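Let's take a friendly walk through the pockets and the core of this protein. Have the model open beside you as you read.

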Amino acid sequence: MKIRELGHVVLQVTDLDRSLKFYRDALGLPLVSLGTPRGRRMAFFSLGEKHHDLALLELEPGSAPQDHTRAGVMHIAFKIGDDVETLREAKARMVAAKVPVVRTTEHMTTLSLYLSDPDGITVELYIDTDPATWRDKPNALGAYAKPLAL
């Protein structure tokens with residue numbers, strides 16, 4: 001068996017309507033379907049190549065939000081372009097939408113803007129730096145992170 005690609009990610013959320021305002025309205029992810037499989041509300045988003053890239057599954061009322069001290073998803077990341085101006089524009093859009101900006105980071109391989117979704121799940125918006133960096137030096141992944149001024 002050979003895994004060929006990451007198919008999709010499903011996030012559990014405490015309030016689907018609130019999460020739609022973040023993922024669909026603030027981030028601009030294209031919503032392709034809303035449904036209620038097995039009685040639980042879900043939203044499916046596609047970036048155009050697959051039936052869905054991201055799905056949100058609403059938890060039962062009273063469920064706790066993301067707990068960063070336990071095993072689980074650390075963050076999800078979306079590449080948004082190829083230049084720093086795109087990242088600046090994204091930050092301005094998030095600030096205008098009152099989306100909490102967690103931090104901006106310069107990694108050796110990416111320039112990143114980290115956000116917090118309504119359940120405390122961290123979402124990274126990023127641009128790649130020179131691809132030769134990670135191709136020529138695979139250990140560059142995670143090698144360093146320093147604050148990025150946007």
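Which residues line the second largest pocket?

## The second largest pocket

Leu 6, Gly 7, His 8, Val 9, Leu 47, Lys 50, Asp 53, Leu 54, Ile 76, Ala 77 and Phe 78 form the lining. Here a pocket is an open set of points on a 1 Å grid over the protein atoms alone, where a 1.4 Å probe fits, with protein on both sides within 12 Å along at least five of seven lines, and lining residues have an atom within 4 Å of a point. The space inside comes to about 270 Å³, counted as that filled by probe spheres set on the points.

Strand E5 (residues 75-81) gives the largest share of this lining, three residues; strands are DSSP runs of at least two residues (E), and helices of at least four (H or I).

## About the model

This is a predicted model, in which local features need pLDDT of at least 70 and side-chain atom pairs count only at pLDDT 80 or more, while totals for chains, interfaces and linings use all residues. Residues are numbered from 1 along each chain as its sequence is written, and side-chain values use heavy atoms, leaving out hydrogens and water.

## The nonpolar core

The largest nonpolar core has 27 residues, of which Tyr 23, Leu 27, Leu 54 and Leu 56 touch the most other members. Such a core joins buried Ala, Val, Leu, Ile, Met, Phe, Trp, Tyr and Cys residues through side-chain atoms within 4.5 Å, buried being under 20% relative accessible area with a 1.4 Å probe, protein chains only. H1 supplies the largest share of this core, five residues.

Leu 54 touches residues including Val 9, Tyr 23, Ile 76 and Phe 78, not counting those up to four places away in sequence; contact means heavy atoms within 4.5 Å.

Terms used:
Buried < 20%, exposed > 50% of the residue type's maximum accessible area, 1.4 Å probe, protein only.
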